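Reader: I am new to this structure. Could you take me through some of its features?

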Amino acid sequence: MDVIGTYGTLAGPVRLGHREWSTFEWADRCAEASRAGLSGLGIQHGDLEHLLETRSLTEIKQIFDDHGLRFLELEFLTDWFIPGNAAAQQRKELLFEAAAVLGAHHIKVGNRYGRPYSAAHLADSYAALCAEAAQRHDAVLAYEPMPFGVKPVTLDEAVGIVAAAGTPNAGLALDTWDLTHLGVSPDDLRRVPLRYIAHVELSDGVEPDPMNPIGLLLEAVTRRRFPGAGSYDVAGYAQVVSDMGYAGPWGVEVLSTELKDVSLRSLCRRTFDSARHVTSAPRTVVPAA
């Protein structure tokens with residue numbers, strides 16, 4: 001099986017929105033990922049900017065290739081749907097250039113902060129983004145439906161956004177943490193045409209602590225767990241998409257303050273082992289009453 005250790009899982013003690021670059025050397029990340037059996041890694045935009053202070057994109061790619069890794073994920077492109085947003089434009093240029101040189105498998109895109117834009121507006125903006133991307137690199141723009149904001153995009157709306165683009169580089173990134181919080185069950189995924197599933201991320205969690213409410217977005221970046229270590233039906237999601245014929249790489253995304261002191265070697269091993277565990281675990285189907 002092919003497993004991608006996402007940026008958030010293997011970055012170490014970063015703080016999203018503050019210092020977002022990893023203190024783990026890129027060469028060390030590649031070496032430990034390969035040692036653990038991983039097939040790829042993720043790079044987040046802030047980390048990429050930091051890497052480029054000392055290495056070229058060509059050097060980053062060479063180190064990645066030298067360790068036998070094949071799937072590279074870039075993230076995260078947000079606010080691309082806001083007209084005239086200079087910061088989003090700058091980030092798009094960074095990630096598009098990197099995708100071309102690094103041979104990225106996909107770039108994750110979405111409405112990370114739950115901005116109040118309609119699904120129709122997102123569809124039009126996403127179609128334009130895919131059209132531009134197709135002229136510049138081969139990576140899929142993996143649209144990730146997220147549960148943030150007053151009225152987040154539903155699974156069916158997300159499928160519609162990808163379908164409206166009508167291009168081979170349009171697809172969905174299905175994250176089991178997001179799906180759980182969107183109220184999407186594993187069997188709901190059977191409504192999604194297989195050709196639209198570009199990437200699947202495995203991420204677990206537990207019920208929020210009512211005595212310590214911190215908000216959904218903060219929960220998303222501080223309290224996730226490795227697949228199988230929480231209460232979400234991660235194995236159920238994995239079995240359904242496997243039954244549907246999904247054969248792409250599995251990402252493992254664990255954003256958690258509990259991992260800040262864990263060694264890189266241990267993080268890589270837990271990433272691979274947890275993905276293997278939930279993708280091979282038999283699913284218990286409860287008969288209808």
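**Buried residues and a helix pair**

Author: Ala-33 is buried, its relative accessible area being 0% (buried means under 20% relative accessible area, with a 1.4 Å probe and protein chains only). This is a predicted model, in which local features need pLDDT of at least 70, side-chain atom pairs count only at pLDDT 80 or more, and totals for chains, interfaces and linings use all residues. Residues are numbered from 1 along each chain as its sequence is written, and side-chain values use heavy atoms, with hydrogens and water left out.

Reader: Where is Ala-33 found?

Author: Ala-33 belongs to helix 2 (residues 26-36); helices are DSSP runs of H or I with at least four residues, numbered from the N terminus.

Reader: And what is Ala-33 in contact with, leaving aside its neighbours within four places in sequence?

Author: Ala-33 then has Leu-38, Leu-41, Leu-69 and Cys-268 in contact, where contact means heavy atoms within 4.5 Å.

Reader: How many disulfides are there?

Author: The count is 0 disulfides, a disulfide being a pair of cysteine sulfur atoms within 2.5 Å. For Cys-30, the nearest cysteine sulfur belongs to Cys-268 and is 9.6 Å away.

Reader: Is Cys-30 buried or exposed?

Author: Cys-30 is buried, with a relative accessible area of 0%.

Reader: New topic: at what angle do helix 6 and helix 7 cross?

Author: The axes of helix 6 (residues 119-134) and helix 7 (residues 155-165) cross at roughly 40° and come within 8 Å. Axes are lines fitted to C-alpha atoms over the stretch in contact, and angles run from 0 to 180 degrees between N-to-C directions.

Reader: Which residues make that contact?

Author: Among them are Tyr-126 and Cys-130 of helix 6 and Glu-157 and Ile-161 of helix 7. Cys-130 is buried, with a relative accessible area of 0%.

Conventions
Helices (H or I, at least four residues) and strands (E, at least two) are DSSP runs, numbered from the N terminus. Buried means under 20% relative accessible area, exposed over 50%, partly exposed in between (1.4 Å probe, protein chains only).
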